[in-house]
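Biologist: I would like to go through this model and ask what stands behind the terms used for it. Please set each value against its cut-off.

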Amino acid sequence: MIDSERLGLPEFHPGSVWLVGAGPGDPGLLSLLALHALARADTVVYDALVDPRILGLARPGAVLDYAGKRGGKPSPRQPDISARLIRLAQSGKRVLRLKGGDPFVFGRGGEEGLALAAAGVPFRIVPGITAGIGGLAYAGIPLTHRSANSAVTFVTGHNSSGALPDGLDWNALARGSPVLVLYMALKHLPHITARLIAAGRAADEPAAIVSKATTAAQRVLVSLLGEIADAAAAAKIEPPAIIVVGEIVRLRAALDWHDREYPGGLRPEPLD
Ligand code: SAH
């Protein structure tokens with residue numbers, strides 16, 4: 001157990017909510033603040049993407065409250081989850097809202113924080129390692145590399161109703177960012193890759209998919225922008241998955257420490 005006092009970690013006050021990022025899966029990627037909160041929370045309200053091994057770190061006796069889809073029923077509505085957090089805090093609980101990755105990256109942490117602020121409930125945000133950073137690191141793909149890119153863009157391939165977001169300017173994305181990291185994009189991948197190519201991106205640019213990153217079921221598929229949607233379907237790549245487009249993907253050939261250490265992942269075709 002960590003010595004919270006010596007580290008100067010803040011007290012988790014009853015009646016407050018901590019919005020905490022659990023990282024992409026591997027429990028080793030949790031922050032000390034997340035571990036500290038898990039050891040003290042009365043209730044842990046968690047999402048589908050939180051790894052069960054992380055929930056196992058909760059204080060014995062903590063209530064584990066699942067806020068994702070249940071038995072084919074639709075997910076609880078966001079206002080219902082926020083209302084639940086407020087109610088629990090107002091009844092004097094230490095409420096840990098645990099989300100996959102980082103709570104402020106495509107995670108609706110902002111919406112929940114706004115609801116807590118409006119209700120006057122004290123809260124803290126604990127960042128986590130987002131899948132687009134940690135997942136790429138576990139695939140041996142550096143997000144930036146001096147000779148390859150000096151900018152990165154994070155994009156979501158889904159809006160709240162599951163369609164492609166209409167606010168995205170694909171032409172600007174294709175032209176403006178040497179590296180694109182796409183979340184929630186597996187479903188619409190054929191459409192997305194076609195849009196990028198139509199906007200001028202080379203069909204033979206390297207691209208990769210990291211599925212179930214940082215978990216024991218991690219799989220990486222390396223391909224080309226023009227081929228990756230078909231390759232993903234053929235390889236039956238499953239969500240959650242991060243898609244990355246850009247020259248940095250080539251570095252995986254030398255930097256893939258993970259599959260070397262844990263053979264059995266999907267071996268990609270080497271890029272030359
Ligand atoms: N807040 C999260 C993102 C939530 S949106 C974060 O910061 O990571 C959900 C999307 O995140 C998934 O559709 C997928 O694109 C990505 N994702 C989350 N966990 C992942 C994982 N272990 N491996 C690959 N992608 C993941």
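Modeller: The model is predicted. I start with the largest pocket, which has 48 lining residues. Nearest its centre lie Asp 47, Ala 48, Leu 49, Phe 106 and Met 184.

Biologist: What makes a residue part of the lining of the largest pocket?

Modeller: A lining residue has an atom within 4 Å of a pocket point. By that rule 48 residues line the largest pocket, and helix 4, strand 4 and strand 10 are the elements that each give two or more of them. The space in the pocket is about 1,600 Å³.

Biologist: How do you know that both domains take part in the lining of the largest pocket?

Modeller: Domain 1 (4-126) and domain 2 (131-261) each supply at least three residues to the lining. By residue type, the lining has 22 nonpolar, 16 polar and 10 charged residues.

Biologist: Why is the contact of Asp 42 with Arg 94 called a salt bridge?

Modeller: The cut-off is 4 Å between a side-chain nitrogen of Lys or Arg and a carboxyl oxygen of Asp or Glu. The closest N and O atoms of Asp 42 and Arg 94 are 3.6 Å apart, so the pair qualifies as a salt bridge. The pair links distant parts of the chain, 52 residues apart: Asp 42 lies in the loop between helix 2 (32-40) and strand 2 (43-46), and Arg 94 in the loop between helix 4 (78-90) and strand 4 (95-99).

Biologist: Why is Asp 42 called buried, and why is Arg 94 called partly exposed?

Modeller: Buried means under 20% relative accessible area, and partly exposed lies between that and the exposed class, which is over 50%. Asp 42 has 18%, so Asp 42 is buried. Arg 94 has 25%, so Arg 94 is partly exposed.

Biologist: What makes Glu 112 and Lys 99 a salt bridge?

Modeller: Their N to O distance is 3.2 Å, and the limit is 4 Å; therefore the pair counts as a salt bridge. Glu 112 is in helix 5 (residues 109-119) and Lys 99 is in strand 4, 13 residues apart. With relative accessible areas of 0% for Glu 112 and 3% for Lys 99, each is buried under the 20% cut-off. Both residues belong to a network of salt bridges that also includes Asp 47 and Arg 97.

Biologist: How do you know that Lys 212 and Glu 238 form a salt bridge?

Modeller: Their side chains meet at 2.6 Å, N to O, and the cut-off is 4 Å, so the pair is a salt bridge. Lys 212 has 24% relative accessibility and Glu 238 has 42%. Both values fall between 20% and 50%, so both residues are partly exposed. The structure holds 14 salt bridges.

Biologist: Why is Ile 209 called buried?

Modeller: Its relative accessible area is 0% and the cut-off is under 20%, so Ile 209 is buried. Ile 209 sits in strand 8. Beyond its neighbours within four places in sequence, Ile 209 has contacts that include Leu 186, Val 220, Ile 228 and Ile 243.

Biologist: Which residues of helix 6 (residues 131-138) are buried?

Modeller: They are Gly 132, Gly 134, Gly 135, Leu 136 and Tyr 138. These buried residues pack against several elements, among them strand 8 and strand 10. After helix 6 comes Gly 140, with a positive phi near 70°.

Definitions and conventions: Residues numbered from 1 in each chain as written. Predicted model: local features only at pLDDT ≥ 70, side-chain atom pairs only at ≥ 80, totals over all residues. Heavy atoms only, no water. Helix = DSSP H or I, 4+ residues; strand = E, 2+ residues; numbered from the N terminus. Buried < 20%, exposed > 50% of the residue type's maximum accessible area, 1.4 Å probe, protein only. 1 Å grid on protein atoms, 1.4 Å probe; cavity = no way out; pocket = protein on both sides within 12 Å on 5 of 7 lines; lining within 4 Å. Points joined across faces, edges and corners; volume = space filled by probe spheres on them. Nonpolar A, V, L, I, M, F, W, Y, C, P; charged D, E, K, R; others polar. Domains from an automatic or database assignment. Contact = heavy atoms within 4.5 Å.
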